[in-house]
Amino acid sequence: MKTRYSFGGDEHIFVEVDEEMSLNAFFKSLSMTNAVRESQIKGVTEICPANASFQIKFDPDVIHPDDMLKEIKSLETAAEKADSTLNTRIVEIPVYYQDPWTHETLMRFRERHQDPNSTDIEYAASINGFSTVDDFIAAHSGAPWFVSMVGFVSGLPFLYQMVDRPRQIEVPKYLRPRTDTPKLTVGYGGCFSCIYSVRGAGGYQMFGVTPMPIFDPKQETSYLKDFMCFFTPGDIVKWKPIDRDEYDANVADVDAGKFVPRMADVSFDLAEFNTDMNSYNAKLEEALNGH
Amino acid sequence: MGIKVHNPGLATTIQDLGRPGYFHLGIPISGAMDRFAMRAANMLVGNDEGAAGLEAVFMGPELEFTSDCTVAVCGADMPIKLDGEERAGWSSIAVKAGQVLSFDFLKTGARIYIAVSGGITVPEYLGSRSTYAIGALGGVDGRPIAAGDDLPTGGDAGPGDGRGVPENLRRAPGNPAELRVLPGLYWHRITDQAGRNFFEDEWKVAPEADRMGYRFRGGRPMEFVERKQPFGAGSDPSNIVDGCYSYGSIQVPGGTEPIVLHRDAVSGGGYFMLGTVISADMDLIGQLQPHTPSKFVKVDMETALQARRDRHALLDQVRAALD
């Protein structure tokens with residue numbers, strides 16, 4: 001990992017912790033952004049953590065960009081040595097894979113796709129060496145995921161799967177971005193899953209849809225009354241495959257204000273996780289299931 | 001006390017100076033694309049510079065005022081009419097209850113800013129009244145204004161006629177428009193030749209130009225420095241591991257058409273950026289029409305900071321002129 005600093009004009013500093021994605025890079029980015037927040041440097045206006053990088057927006061009328069750069073660089077060594085631990089939560093997100101709405105959309109944009117003769121999930125399964133879509137879904141929903149970034153548009157989470165490199169799923173983005181994506185589509189691009197928080201343009205492959213809103217500017221959804229965005233970086237997610245009946249029942253519960261996302265508070269330790277990922281993930285799931 | 005919308009125009013939104021502090025959740029700052037014009041319009045009608053007004057793009061709205069007030073229109077050159085009678089831009093206009101403000105066709109620039117004394121007083125969301133339509137936030141139910149809307153205003157009569165921003169203090173893009181750029185971010189991804197071409201070529205604003213970003217076309221395609229794509233970045237040489245985007249940053253998907261992100265920017269994504277338009281020139285982008293010839297001009301940080309100081313000084317002169 002080699003950290004690279006650059007100015008984004010006169011109001012931003014962009015810090016690339018690593019060119020490639022890894023949990024180590026994510027944790028270093030997270031601890032550096034936490035350090036920036038705690039050090040309360042005058043002039044900082046936005047602190048935005050991303051997957052393997054982060055960005056600080058500042059007011060150059062308050063602090064010279066060179067001085068801001070020095071302040072941020074001075075936090076790097078300490079952040080590197082910091083314990084990679086996190087008090088967070090694990091959340092179960094229901095996913096109706098291969099639903100009719102993303103299917104209709106992906107058929108409409110077939111000429112923008114690498115493989116016009118298959119669906120997005122068939123294509124993803126095949127290029128990642130799975131013989132069936134069911135096997136692929138089992139892998140996608142098998143191990144949990146870190147929310148490694150929130151952004152693009154309102155409250156949209158990027159998720160990175162908590163498995164070692166050989167088990168990582170990788171897919172390209174559409175050849176040309178779509179002009180439409182159904183709201184709450186579970187998508188995939190590069191090594192990241194995402195949930196489209198609102199309807200709109202998008203370039204990620206589309207695998208399914210969740211019945212659970214994750215952004216509500218009106219704050220009417222029962223679990224979004226305190227804040228309109230559901231996710232923050234560091235959340236852990238476990239996908240739960242559901243069928244049409246369960247999807248419909250969940251949607252009805254959301255509409256009735258009765259839907260309660262299943263979740264549990266957990267602490268995460270990167271070193272322990274790296275020692276034995278499978279059993280660490282199993283422990284996280286036990287917490288979710290209340291054991 | 002308020003405004004009845006007879007005709008909304010093309011995409012007229014309520015904006016103020018924006019909603020900082022939520023970019024880490026993908027909620028951009030929003031607010032007036034041309035903040036200078038918004039501030040000037042507010043000053044003319046005696047408001048705080050950050051009061052909410054209307055931003056109208058390419059086509060003006062038709063508005064009826066339900067109480068006596070003062071109105072000002074700054075920004076693009078679009079003939080202004082009060083009950084059919086032509087009135088001057090960059091000036092305060094006394095309006096009687098029941099009078100109707102309308103506009104003729106746009107001459108130059110792209111966006112007008114309409115301030116009304118007392119400001120537009122729709123509820124604030126996350127500390128701002130700015131409309132962010134993609135997230136359905138702010139403004140009127142998170143959308144552009146529509147015919148039949150009644151917009152509430154602060155409702156004082158304001159200073160009336162007679163105030164104006166001197167002509168030499170107004171700001172408009174040149175032809176070709178010049179946008180100053182600080183190279184950086186992922187500049188190293190393109191070859192030296194591609195970097196030179198970017199600044200040499202004349203670009204034109206593409207039709208895909210809105211509050212989220214301005215696309216340009218007409219320059220030569222870019223060549224990338226060869227590399228094995230890093231894990232997680234995706235296969236196209238213009239892809240990076242998804243990261244944060246700066247306001248004003250210039251991404252070039254596929255190496256063909258640069259996109260400059262503006263006030264309703266997406267907060268991140270997987271395309272490399274070659275640099276950033278300096279903060280002092282962001283307002284100018286809001287006044288560019290499609291097909292406007294444009295040049296990107298390479299500058300260093302000290303030039304960017306001096307330009308920013310110049311902008312502040314200009315604003316101070318407007319404040320002094322209207323004091």
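Predicted model: local features only at pLDDT ≥ 70, side-chain atom pairs only at ≥ 80, totals over all residues.
The domain assignment of chain A places domain 1 at residues 4–81 and domain 2 at residues 87–288. The C-alpha centres of these two domains of chain A are 28 Å apart. Contact between them involves 11 residues of domain 1 of chain A and 15 residues of domain 2 of chain A. About 1,100 Å² is buried between the two domains of chain A, and carbon and sulfur atoms account for 71% of this area. Within domain 1 of chain A, the residues losing the most area to domain 2 of chain A are M21(A), L23(A) and N51(A), which together make up 49% of what that side buries. The interface of domain 1 and domain 2 of chain A also holds 1 salt bridge by the rule applied. A salt bridge joins the side chains of E20(A) and R165(A), with an N to O distance of 3.3 Å.

The interface of chain A and chain B was examined in the same terms. Here 56 residues of chain A are in contact with 51 residues of chain B. The two chains bury about 4,200 Å² between them, with 60% of the area on carbon and sulfur atoms. Between chain A and chain B, 6 salt bridges are counted. The side chains of D10(A) and R308(B) form a salt bridge at 3.9 Å, N to O. The count of residue pairs in polar contact between chain A and chain B, both at pLDDT 80 or more, is 24. On chain A, the elements giving two or more residues to the side that touches chain B are β1 (4–8), β2 (12–16), β3 (44–49), β4 (53–58), β6 (145–150) and β7 (157–161). Of these, β3(A) gives the most, with 5 residues. This side of chain A comprises 29 nonpolar, 14 polar and 13 charged residues.

Within chain B, helix α2 spans residues 192–200, and its buried residues are A194(B), G195(B), N197(B), F198(B) and F199(B). The buried residues of α2(B) pack against strands of chain B, namely β12 (177–183), β13 (203–209), β16 (249–251), β19 (273–277) and β20 (293–298).

Technical notes
Residues numbered from 1 in each chain as written. Chains lettered and ligands numbered in written order. Heavy atoms only, no water. Contact = heavy atoms within 4.5 Å. Buried area = accessible area lost by both parts, 1.4 Å probe. Salt bridge = Lys/Arg side-chain N within 4 Å of Asp/Glu carboxyl O. Polar contact = N/O pair within 3.5 Å; in protein donor to acceptor, adjacent residues only side chain to side chain. Helix = DSSP H or I, 4+ residues; strand = E, 2+ residues; numbered from the N terminus. Nonpolar A, V, L, I, M, F, W, Y, C, P; charged D, E, K, R; others polar. Buried < 20%, exposed > 50% of the residue type's maximum accessible area, 1.4 Å probe, protein only. Domains from an automatic or database assignment.
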